[in-house]
Amino acid sequence: MKNILKNETKANKVKLLRGFKLLILFILLNTGTTFAQVSNDITHEEALKAVLAAKKKAEISNVLVNIAVVDAGANLKAFIRMDGSFLGSIDVAIKKAKTSRYFNIATGDLGKLTQPGGIIYNIEHSNGGLMSFPGGVPIKDKNGVIIGAIGVSGGTIEQDHEIAMVGAKSIIK
């Protein structure tokens with residue numbers, strides 16, 4: 001009788017272990033999680049290159065800014081807050097980058113469409129808050145494919161846009 005119980009316990013353990021392995025496999029398959037980078041996504045080297053190029057332009061222009069780069073999925077990939085830049089501009093820079101990626105357009109161009117009477121008036125209230133003034137631009141690779149976006153905040157809107165453009169263009173050089 002003892003041998004039957006021992007064998008039954010082992011059989012139950014094996015079944016339980018198989019079930020557990022299947023459960024883990026099922027979870028991994030259904031999360032959509034992969035461990036490879038999307039081919040049209042900005043690399044961390046490229047994100048850093050963009051941030052540093054934008055920072056250099058800001059320093060030359062004597063402007064203190066926050067600079068954010070997001071990947072193709074609009075997730076923060078790189079960020080710099082220059083010493084002395086506005087704390088409030090941290091969120092603005094990130095949102096400019098995300099807004100630009102969400103709509104694949106420079107935020108200043110999007111802003112023209114969001115004015116009263118514009119075709120997408122009040123869209124700024126979607127997606128947890130968008131920024132529809134200049135300073136966010138898409139980042140494209142050498143083939144023109146959007147791989148992320150950069151957002152800059154802290155200077156005038158003209159300065160923010162110019163600094164963001166330098167960062168975005170640094171990737172295709």
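Predicted model: local features only at pLDDT ≥ 70, side-chain atom pairs only at ≥ 80, totals over all residues.
Colleague: In what order do the four strands stand in the open sheet?

Modeller: Strand 1 (residues 66–71) pairs with strand 2 over five bridges, strand 1 is joined to strand 4 by six bridges, and strand 3 pairs with strand 4 over five bridges. The edge strands, each pairing on one side only, are strand 2 (76–81) and strand 3. The open sheet, with antiparallel pairing, has the order 2-1-4-3.

Colleague: By how many degrees does the twist average from one strand to the next?

Modeller: The sheet in question is the open one of four strands, with antiparallel pairing. From one strand to the next, its twist averages 15 degrees.

Colleague: Which residue is the bridge partner of Ile-67 in strand 2?

Modeller: Strand 1, residues 66–71, pairs with strand 2 in the antiparallel sense. The bridge partner of Ile-67 in strand 2 is Ile-80.

Colleague: Which residue in strand 4 does Asn-66 stand opposite?

Modeller: Strand 1 covers residues 66–71, and it runs antiparallel to strand 4, with six bridges joining the two. In strand 4, the residue opposite Asn-66 is Ser-153.

Colleague: Which residue in the turn of the hairpin of strand 3 and strand 4 has a positive phi?

Modeller: Strand 3 and strand 4 pair in the antiparallel sense. Among their partners, Gly-136 is bridged to Gly-151 in strand 4, and Lys-140 stands opposite Ile-146. Five residues lie between the two strands of this hairpin, and the one in the turn with a positive phi, of about 85 degrees, is Gly-144.

Colleague: Which strands does helix 3 touch where it packs on the sheet?

Modeller: Helix 3 comprises residues 88–103, and its direction makes about 150 degrees with that of strand 4 (146–153). In packing on the sheet, helix 3 touches strand 1, strand 2, strand 3 and strand 4.

Colleague: Across which strands does helix 5 lie?

Modeller: Helix 5 spans residues 157–169. Its course runs at about 150 degrees to strand 4. The strands across which helix 5 lies are strand 3 and strand 4.

Colleague: Why is strand 4 described as largely enclosed by the rest of the structure?

Modeller: A residue counts as buried when its relative accessible area is under 20%. Strand 3 is largely enclosed because four of its five residues are buried. Strand 4 is largely enclosed because its buried residues number eight of eight.

Colleague: What percentage of the contacts between residues at least 6 apart in sequence join residues at least 24 apart?

Modeller: The chain has 173 residues, of which buried residues make up 38%. Among its contacts between residues at least 6 apart in sequence, the share that joins residues at least 24 apart is 63%.

Colleague: Which strand gives the most to the lining of the largest pocket?

Modeller: The largest pocket holds about 160 Å³ of space. Its lining consists of Val-137, Pro-138, Ile-139, Lys-140, Asp-141, Met-165, Ala-168, Lys-169 and Ile-172; by class, six are nonpolar, none is polar and three are charged. At least two lining residues come from each of strand 3 (136–140) and helix 5. With four residues, the element that gives the most is strand 3.

Colleague: Is Asn-62 buried or exposed?

Modeller: Asn-62 lies in the loop between helix 2 (44–60) and strand 1. Although Asn-62 is not a glycine, it has a positive phi of about 60 degrees. Its relative accessibility is 73%, and the cut-off for this class is over 50%. Asn-62 therefore counts as exposed.

Colleague: What is the relative accessibility of Asn-104?

Modeller: Asn-104 is located in the loop between helix 3 and helix 4 (107–113). Its phi is near 50 degrees, a positive value in a residue other than glycine. Asn-104 counts as partly exposed, because its relative accessibility is 40%.

Colleague: How far apart in space are Asp-83 and Asn-66, C-alpha to C-alpha?

Modeller: Asp-83 belongs to the loop between strand 2 and helix 3, and it counts as exposed at 72% relative accessibility. In sequence, Asp-83 and Asn-66 are 17 residues apart. In space, their C-alpha to C-alpha distance is 9.2 Å.

Conventions: Residues numbered from 1 in each chain as written. Heavy atoms only, no water. 1 Å grid on protein atoms, 1.4 Å probe; cavity = no way out; pocket = protein on both sides within 12 Å on 5 of 7 lines; lining within 4 Å. Points joined across faces, edges and corners; volume = space filled by probe spheres on them. Nonpolar A, V, L, I, M, F, W, Y, C, P; charged D, E, K, R; others polar. Pairing = 2+ DSSP bridges. Axes fitted to C-alpha atoms, helices over the stretch in contact; angles between N-to-C directions. Contact = heavy atoms within 4.5 Å. Buried < 20%, exposed > 50% of the residue type's maximum accessible area, 1.4 Å probe, protein only.
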